[in-house]
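Thanks for coming. Please look at the structure first.

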Amino acid sequence: MIPATRAFTLRSEIVDGTFAIWVTVPPGYGADDSALPVVYALDGNTQLAVTAPTGALMMLHETSPIRPFVQVTIGYLGDDARNFLRVRNRDLVPPGEPFAHQMAAHLRPRVDRGVVSEDQYADILADLRVAAGDRFLEFIEYELHPRIVDRWRVDVQDIGLFGYSYGGLFSMYAFASGSPLFTMIGASSPGILSPESEVFRHYDRRVAEGDKTSPPRLHLTINDSETTSPFPLYRDLSQQYLALVDRIRRAPLPGLHATAEVIQGETHGTGIVDAYRSFVRSCYAVRGHDPSTEIAWAS
């Protein structure tokens, strides 16, 4: 149903789970032998249908062209797809991340409305307590990426990662922990809900150790309405987002190039498309076309 997209499943021994993988090639793929960037995108069950076609259309934009890239979107199938809110907690939250009590309170009204059962609610919170984002990162690095390199024509020196919400938390975990795979990382409305987040701990450790490893290009976004949301969860997220920006500004990793954008007029639930577009424009614009809405800083 998504043009130029091929789907397959991949069993992970590292995670002990099976993933649905969708690979979307850009317009004109196969016309020559050039290697293309690859972007790994998360939460495929809800976001494939909006991000992959959006990316393809952006590559065809006549006045603001985007470098073509292969998008690899990761999701779930079967029972895991039906319970993706629970399973994604296992995969996208860093190990040792403080338990998000705000999430428990945020989801409780869904139980009261009958949208989520008591058992599903308990399972979601249980997975938050035993998060294993490190294993999911290793799955991408050591099981999925070699399969993509083997089957598609990609540039192994140009690897991106995009995540939204808890996907943004995972993107920041990959960035802060120093994953060697990625050269571009987009973290949108990252689900950092505690000042004791593992993201901060890993980032501070790298700064304190004087890590000279060239960091990935980083692009951050947040939705303006999250800062004043009636839901405490999103106000807390906004506070930690600002703490993240402040940390990076005060103590940037050597060589870091980072950009940020505030998405206007969108909520946490509706901001995914604009956040994805912001990441793509910021990191994959053809040279000479620089998005004018960015607030950028570099060290």
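Let me begin with the largest pocket, which has a lining of 24 residues; Leu 85, Arg 88, Arg 110, Ser 165 and His 268 are those nearest its centre. A pocket here is an open set of points on a 1 Å grid over the protein atoms alone, with protein on both sides within 12 Å along at least five of seven lines, and a lining residue has an atom within 4 Å of a point. The elements that each give two or more residues to this lining are α1, α3 (84-92), α4 (101-112) and α9 (232-250). Helices are DSSP runs (H or I, at least four residues), numbered from the N terminus.

Some notes on the source: this is a predicted model, local features need pLDDT of at least 70, side-chain atom pairs count only at pLDDT 80 or more, and totals for chains, interfaces and linings use all residues. Residues are numbered from 1 along each chain as its sequence is written, and side-chain values use heavy atoms, with hydrogens and water left out.

How much space lies in the largest pocket? About 570 Å³. A volume is the space filled by probe spheres set on the points, and grid points are joined across faces, edges and corners. By class, the pocket lining has 13 nonpolar, eight polar and three charged residues. Ala, Val, Leu, Ile, Met, Phe, Trp, Tyr, Cys and Pro count as nonpolar, Asp, Glu, Lys and Arg as charged, and the others, Gly among them, as polar.

The whole structure has three cavities of 30 Å³ or more; in a cavity, a 1.4 Å probe fits but cannot get out. The largest cavity holds about 80 Å³, and its lining includes Glu 97, Phe 99, Tyr 166 and Leu 169. Which helix gives the most to its lining? Helix α1 (residues 44-59), with four residues. No charged residue is found in that lining, which has eight nonpolar and three polar.

Last, the helix pair. Helix α7 (residues 166-176) packs against helix α8 (residues 198-208) at about 20°, and the axes are 8 Å apart. Axes are lines fitted to C-alpha atoms, for helices over the stretch in contact, and angles run from 0 to 180 degrees between N-to-C directions. So α7 is roughly parallel to α8, a term for angles under 35 degrees.

Note on methods:
Parallel < 35°, antiparallel > 145°, perpendicular 65-115°, else oblique.
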